[in-house]
Amino acid sequence: MAMRRRKDPARAKFSLMLERLPSILLSLFAAFFVAIASFVISAGYAEHRAAEIDAAAMSLAENATPSIMHLAAARAELRHTQALLSDLVNDAALGRPRDRHELDEARDNLSRSIDVYLGMPVYPGELKQWQTVAQALGKLDLDTGRVLSLVAPCRSGAT
């Protein structure tokens, strides 16, 4: 009678693992590939979004910020012109001649700030808004001319 060998449980387990090794390695490789692909895709998407944000930031830095600075300077000169006109009218009403040089300089500064602003690239819809401002500035020039003609006896250069 031949003796049957008893199977060693450890050997049977090892044998089973060897049989399953290709599917285990394939699963491991697939999981590794999915992890790497997910990382690459998410990094690419993040880079794409960052590029859009960088473009918007550069647009603000190169266009909007300088535009705002020139508009703010124009606004300051507009307020300065308003104050000078008020002083000119008040002094004329009191019979005190006043030099118009400072007023002319403020108007020139206002025009320069606006000209620089208009020379810059514009955002969509900005020109439509600018038409309203241009009309108001034209009216301001007419009103300033009328005021200056009323105080004509206060000639330019007088102190």
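Modeller: Let us begin with Leu18, which lies in helix α1, and please keep in mind from the start that this is a predicted model.

Colleague: Which residues make the nonpolar surface patch with Leu18?

Modeller: Together with Leu18, the residues Phe14, Leu21, Ile24, Leu25 and Leu28 make a nonpolar surface patch of about 590 Å².

Colleague: Switching to pockets, how much space lies in the largest pocket?

Modeller: The largest pocket holds about 250 Å³ of space. As for the elements around it, α1 (9-93), α2 (101-118) and α3 (126-150) are those that give two or more residues to its lining.

Colleague: Which of them gives the most to that lining?

Modeller: That is α3, which contributes seven residues to the lining of the largest pocket. The lining has 14 residues in total, and those nearest the centre of the pocket are Leu71, Leu78, Trp130, Val133 and Leu137.

Colleague: And what does the lining look like by class?

Modeller: Sorted by class, the lining of the largest pocket has eleven nonpolar residues, one polar residue and two charged ones.

Colleague: What volume does the second largest pocket have?

Modeller: The second largest pocket has a volume of about 160 Å³, and the elements that give two or more residues to its lining are α2 and α3. Of the elements, α2 gives the most to this lining, with five residues.

Colleague: Which residues line the second largest pocket?

Modeller: The second largest pocket is lined by Thr81, Arg107, Leu110, Ser111, Ile114, Asp115, Leu137, Leu140, Asp141 and Thr144. By class, this lining divides into four nonpolar, three polar and three charged residues. Leu137 is also among the residues that lie nearest the centre of the largest pocket.

Colleague: You listed Arg107 and Asp141 there; how far apart are their closest N and O atoms?

Modeller: The closest N and O atoms of Arg107 and Asp141 are 3.8 Å apart, and the two residues form a salt bridge. This pair links distant parts of the chain, with Arg107 in helix α2 and Asp141 in helix α3, 34 residues apart.

Colleague: What about Asp91, which residue does it meet in a salt bridge?

Modeller: The side chain of Asp91 meets that of Arg96 in a salt bridge, at 3.4 Å from N to O. Asp91 counts as buried because its relative accessibility is 13%, whereas Arg96 has 43% and therefore counts as partly exposed.

Colleague: Which residues are linked in a network of salt bridges?

Modeller: That network of salt bridges links Lys139, Asp143 and Arg146.

Colleague: One last topic: is Ile68 buried or exposed?

Modeller: Ile68, which lies in helix α1, counts as exposed because its relative accessibility is 56%.

Colleague: And how far apart are the C-alpha atoms of Ile68 and Tyr117?

Modeller: The C-alpha atoms of Ile68 and Tyr117 are separated by 8.4 Å, while along the chain the two residues are 49 residues apart.

Note on methods
Residues numbered from 1 in each chain as written. Predicted model: local features only at pLDDT ≥ 70, side-chain atom pairs only at ≥ 80, totals over all residues. Heavy atoms only, no water. 1 Å grid on protein atoms, 1.4 Å probe; cavity = no way out; pocket = protein on both sides within 12 Å on 5 of 7 lines; lining within 4 Å. Points joined across faces, edges and corners; volume = space filled by probe spheres on them. Helix = DSSP H or I, 4+ residues; strand = E, 2+ residues; numbered from the N terminus. Nonpolar A, V, L, I, M, F, W, Y, C, P; charged D, E, K, R; others polar. Patch = residues over 30% accessible without salt bridge, like charges linked within 9 Å, V, L, I, M, F, W, Y side chains within 5 Å. Areas by Shrake-Rupley, 256 points an atom, 1.4 Å probe, with all protein chains shown as cover. Salt bridge = Lys/Arg side-chain N within 4 Å of Asp/Glu carboxyl O. Buried < 20%, exposed > 50% of the residue type's maximum accessible area, 1.4 Å probe, protein only.
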